[in-house]
Amino acid sequence: MTTAIRLYSWMTAVLLGAVLSAAPAQAQSLKVGDKAPDFSVISSTGKTIALGDYLGKKNVVLFFYIAAFTDT
C-alpha cells in the first residue's frame, strides 16, 4: 500500500469518525449527488481538520465502513 493511499485511508477514517460521533442539533437528509456538509474534527495528533479546507484543492472521498469503530 502506498503512502498516499494510507494517508487518504487514515484521513477518511478520521473524518468518518467525526461525522458519526457528531450529534447535530438537527439531522440533515442528503441525497445522492449532494455536497457533503462542512464539518471539522480534531485529529489524533491534536490538529483540527475541516472538510472545507480541501475545497477546490484536493479530492476527498468519504467512505463509510458499516459498524466501524463499534463493539458490534
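These questions and answers concern a predicted model of one chain.

Q: What makes up the chain, and in what order do its elements run?
A: The chain has one helix and two strands. From the N terminus on, the order is α-β-β.

Q: Why is Leu55 called exposed?
A: Exposed means a relative accessible area over 50%. Leu55 has 70%, so Leu55 counts as exposed. Leu55 is found in the segment after strand 2.

Q: Why is Val60 called partly exposed?
A: The partly exposed class lies between the buried limit, under 20%, and the exposed limit, over 50%. Val60 has 34% relative accessibility and therefore falls in between. Val60 is placed in the segment after strand 2, which spans 48-50.

Q: Is Asp38 buried or exposed, and how do you know?
A: The relative accessibility of Asp38 is 58%; the limit for exposed is over 50%, so Asp38 is exposed. Asp38 sits in the loop between helix 1 and strand 1 (40-42).

Q: How do you know that Asp38 and Gly52 form a polar contact?
A: A polar atom of the Asp38 side chain lies 2.7 Å from the backbone nitrogen of Gly52. The C-alpha atoms of Asp38 and Gly52 are separated by 5.7 Å, although the residues are 14 apart along the chain.

Q: Which residues does Asp38 touch, leaving out those up to four places away in sequence?
A: Asp38 touches Ala50, Leu51 and Gly52. As for Leu55, its C-alpha is 9.6 Å from that of Asp38, and the two are 17 residues apart in sequence.

Q: How much of the chain counts as buried, and what does that word require?
A: Buried requires under 20% relative accessible area. Of the 72 residues, 18% count as buried. The chain exposes about 6,100 Å², and carbon and sulfur atoms supply 60% of that area.

How values were computed
Residues numbered from 1 in each chain as written. Predicted model: local features only at pLDDT ≥ 70, side-chain atom pairs only at ≥ 80, totals over all residues. Heavy atoms only, no water. Helix = DSSP H or I, 4+ residues; strand = E, 2+ residues; numbered from the N terminus. Buried < 20%, exposed > 50% of the residue type's maximum accessible area, 1.4 Å probe, protein only. Areas by Shrake-Rupley, 256 points an atom, 1.4 Å probe, with all protein chains shown as cover. Contact = heavy atoms within 4.5 Å. Polar contact = N/O pair within 3.5 Å; in protein donor to acceptor, adjacent residues only side chain to side chain.
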